[in-house]
Amino acid sequence: MRHFIRVLLAGHPLVLAGCYGGVEIGFDYSDHDDARPAVSLVASADPVTQAGTLTLNAAASDDRGVVQVAFYRLDAGGTSVLLGTDAIAPYQWPIAVTRNDNGQWYYYARATDTAGQSAESSVLGVTIAIP
């Protein structure tokens with residue numbers, strides 16, 4: 001028969017297990033990060049009517065911290081294309097736009113937390129209509 005006693009020591013659970021007169025001492029690091037980050041995405045303009053820079057702005061948060069935000073474009077076939085990553089808030093990614101980019105474009109952001117968990121924003125449609 002095994003008996004367990006849980007003690008909190010310096011913020012970490014300490015487990016004491018006893019079995020037939022012997023005692024084991026060890027730390028229990030089962031305090032896992034189960035919460036995925038939250039992320040949302042907006043564009044600096046929609047529609048875009050002048051050549052220049054469209055900036056994607058992501059708001060990302062997590063109870064333990066965000067490591068990075070990756071920015072993606074969805075191509076016509078639904079393929080995700082990584083545009084780049086930003087590891088420092090405010091999370092942003094600039095995109096140069098010209099008349100050749102006229103049309104509807106779709107973007108999303110993926111935030112990753114310190115535990116390696118990730119979450120994606122909703123897909124954001126942006127219209128480029130440069131005369």
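This is a short tour of the structure, stop by stop, with something to select at each one.

**Before you start**

The model is predicted, so to speak: local features need pLDDT of at least 70, side-chain atom pairs count only at pLDDT 80 or more, and totals for chains, interfaces and linings use all residues. Residues are numbered from 1 along each chain as its sequence is written, and side-chain values use heavy atoms, with hydrogens and water left out.

**Stop 1: the whole chain**

Show the chain as a cartoon. You will find zero helices and 11 strands (DSSP runs numbered from the N terminus: H or I of at least four residues for helices, E of at least two for strands). Of the 131 residues in the chain, 29% are buried. Here buried means under 20% relative accessible area, exposed means over 50%, and partly exposed is in between, using a 1.4 Å probe and protein chains only. Among contacts with a separation of 6 or more, 50% join residues 24 or more positions apart; a contact means heavy atoms within 4.5 Å.

**Stop 2: a three-stranded sheet**

Select β4, β5 and β8. They form an open sheet in the order β4-β5-β8, with antiparallel pairing (two strands pair if DSSP finds at least two bridges between them). Strands β4 (38-43) and β8 (91-97) are at the edges with a single partner strand each, so one side of each has no neighbour in the sheet. On average, neighbouring strands here are turned by 20° against each other, direction ignored; the axes are lines fitted to C-alpha atoms, for helices over the stretch in contact, with angles from 0 to 180 degrees between N-to-C directions. Now zoom in on β5 (residues 52-61), which pairs with β8 in the antiparallel sense over seven bridges. To see a bridge, pick T55 and its partner P94 in β8.

**Stop 3: the nonpolar core**

Next, select L41, A58, V69 and F71. Of the 19 residues in the largest nonpolar core, these touch the most other members. Such a core is a set of buried Ala, Val, Leu, Ile, Met, Phe, Trp, Tyr and Cys residues joined through side-chain atoms within 4.5 Å. Strands β4, β5, β6, β8, β9 and β11 (124-128) each supply at least two residues of this core. Centre the view on A58 to see its contacts, leaving aside neighbours within four places in sequence: V39, S40, L41, V69, F71, Y91 and A109.

**Stop 4: a pair of rings**

Show the side chains of Y72 and Y108. The structure holds one aromatic pair, and Y72 and Y108 form it, stacked at 4.9 Å centre to centre with 10° between the planes. Rings of Phe, Tyr and Trp (its six-membered ring) pair if their centres lie within 6.5 Å; planes under 30 degrees apart count as stacked, over 60 as edge-to-face and the rest as tilted. Y72 lies in β6 (residues 66-74) and Y108 in β9, so the pair ties together parts that are 36 residues apart in sequence. Both Y72 and Y108 are buried.

The C-alpha atoms of L83 and Y72 are separated by 5.3 Å, though the two are 11 residues apart along the chain. L83 is partly exposed, at 23% relative accessibility. Beyond four places in sequence, L83 touches several residues, including L56, W93 and Y107.

**Stop 5: two salt bridges**

How many salt bridges are there? The count comes to two, where a salt bridge is a side-chain nitrogen of Lys or Arg within 4 Å of a carboxyl oxygen of Asp or Glu. Select R110 and E120, whose closest N and O atoms are 2.4 Å apart. R110 lies in β9 (residues 103-113) and E120 in β10 (residues 118-120), so this pair ties together parts that are 10 residues apart in sequence. R110 is partly exposed at 24%, and E120 is partly exposed at 44%.

Then select D75 and R73, which form a salt bridge with closest N and O atoms 3.1 Å apart. D75 is partly exposed, with a relative accessible area of 29%, as is R73 at 22%.

**Stop 6: two cis peptide bonds**

Most peptide bonds are trans. Select D46 and P47 to see a cis peptide bond with omega near 10°; P47 is in the loop between β4 and β5. Then go to A89 and P90, where the peptide bond is also cis, with omega near 0°. P90 lies in the loop between β7 and β8.
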